[in-house]
Amino acid sequence: MASNLGGASISQTDDFETFTPTTDVEPLKRAWRNEKAAPEILPYEASLVGRIKEQIQAMEDSIEEYSRSGIDPLIVSLYQMDLDRIQFLLRSYIRSRLQKIEKYMLYILKSDELFRRLSKEEITFTDRCRHDMKKHFDESVLSKLPNNYQDVLKQSITSEEDDMVPEPPLDTFVVCKSKEYLEHIQLEDEEERASSRIEEPFEMEANVLHIIRYRPIKSLVESGRIDLL
Amino acid sequence: MYGRKACQLVTELASGEKGQLTHFNSDLFEQVISECQQHHLELQSLIRKVQEEGLDLQTTKNEDHFGALIHHLALVRNKRCLMAYVHNRAETIRSLIWKLLGSMIPPEIQEKLSNSEEEYFKKHSARLKEYMSKLELDLTVDMVPPKDPYIQVRVLDDIGEGIVLSDDKTANFALHSIHFLKRTDAEQYISRGLMEELRG
C-alpha cells in the first residue's frame, strides 16, 4: 500500500487527495470529539483505529520518500504537519479512553454493557489496573479495618448492593448537535415526568447547538445520531 | 467527637491545590484507623450485651441497638473518608504519571507518597507502558494539539551532548542553549522540565 502511494503521488504532489487516499480523518475527529465530551466511555472504534494506523504508516513512508527525492522541504513540512495532526487525534482519542478507564474501572467492570465497549488491549489494561488499585487500597486502608468492613465495593457487609463504586456523572451537561431533525426526545426521567404536569416533547433541528443533560440523549449519541462537541 | 478526625483528613485533601500532592498524613490516617477499631470493639460489646440479655438482634430496638447503630455508622463514615483520601490521591498520582512516564519518580514527589502509593505509582506506570507497547503507539507525546511541527526551545538543565534525535542527527543540549527542534523530539524534555518552549 505504501509503495504505490508514494510512487503515484510523487508526480502530482500538489494533489492532496492522493496523499490521504481514503480519508478517515473526519470520522476520527468525530469519534475523538464524542469521546472527549461524553462522561462515560463509548464503544471502541476498532476498525477506524486500524485504518488510521495504516494510513499514518503510509503517510510516514511517503514523507520519507519525498524528503529523499528532494521535493521542496516546505511542502514536505506541510505534509508532516498534517500527519502530526492526525497522530494527535489518534493519541488523544486513546488517551481520553484510558483516562476514563482509570477513573471508572470498577464501574466499567461491573457493567456488561460498558465492558463490551473496550478493546482487547483495554480489557487487559483494566484488569491489571483493577488488581493494582485493589492492592493499593487493601494495603493502605482496607486490611486495617475490622473484618466486616474490608470490601472495596461495599461500605460494610450489611450493604445490599455495591455502594462504593465511583460512577461517571451521566447527568452532566454536554454541548451537542444533531445531524437530522429529531423529535420526541424524552428529557425527564420517569419520576420527574410523573411529578411535573407540563410535558413538552423536545425536538432538535439539524445543526443547531443545544446544551443538554447527557443521560436523555445517551442512546442517540451511541447510535451516532447526535454528535457531542 | 466521632468522625472529627476523618473530617480533618478530607478537609486537608479538599483544601489542597488540585493536581498537587501534599505529604501523606500518616499520623492522622492511623488515628482514624484506630478510631475505627475502637468503634468496632464498642459495637461488638453492645451486640454481645443484647445477645446475653436473650433478645433477638433483628427485632430489638432498645438503647443498645441504637448505640451499636451509631458505632456502625461512624465506622462506615470513617471508611468512606479514608477511602476518599486514598482514592483522590491515587487520582492525582495517575495524573502525575501521565506527565512523568518514562522517567523515575522525582524525589520531591517520592517523599510525599506513602509506601503503598509509591508501589502503585511504579506499577501503574508499568501498566501504561505495557499498553503503549502493545499498541505500538507512544501516548506521552502530543499532549497539546500541534500547531507547528517545529518549535523553538531553551534548555533549562544540562542535558548533555550526543542526544540522538528522530532524524538521526545528534544535538548538544548545553545549558541555556536555544534550539529549533521537532516538537515530538522536544516534548519529552519539556514535560520533565528540562526545556521550555519559547513563544514569539
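In this predicted model, helix H3 of chain A, made up of residues 25-37, lies across strands S1 and S5 of chain A. Its direction makes an angle of about 70° with S5(A).

So what do those strands belong to? They sit in an open sheet of 3 strands in chain A, and reading across it gives the order S4-S1-S5. The pairing here is antiparallel. As a bit of background, strands of a sheet pair through backbone hydrogen bonds, and the pairing can be either parallel or antiparallel. At the edges of the sheet are strand S4 (210-213) and strand S5 (226-228) of chain A, each of which pairs on one side only. The sheet isn't flat, either: going from one strand to the next, the twist averages 50°.

Zooming in on one pair, strand S1 of chain A covers residues 173-178 and joins S5(A) in the antiparallel sense over 3 bridges. Within this pair, Cys176(A) stands opposite Leu228(A), a residue of S5(A).

Now for the place where the two chains meet. Here, 30 residues of chain A are in contact with 30 residues of chain B. Which elements give two or more residues to chain A's side of this contact? They are helix H5 (73-110) and helix H7 (120-140) of chain A. H5(A) gives the most, with 12 residues on the side that touches chain B.

Key
Residues are numbered from 1 along each chain as its sequence is written. Chains are lettered from A and ligands numbered from 1 in the order in which they are written. This is a predicted model: local features need pLDDT of at least 70, side-chain atom pairs count only at pLDDT 80 or more; totals for chains, interfaces and linings use all residues. Two residues are in contact if their C-beta atoms, placed from the backbone, lie within 7 Å. Helices (H or I, at least four residues) and strands (E, at least two) are DSSP runs, numbered from the N terminus. Two strands pair if DSSP finds at least two bridges between them. Axes are lines fitted to C-alpha atoms, for helices over the stretch in contact, and angles run from 0 to 180 degrees between N-to-C directions.
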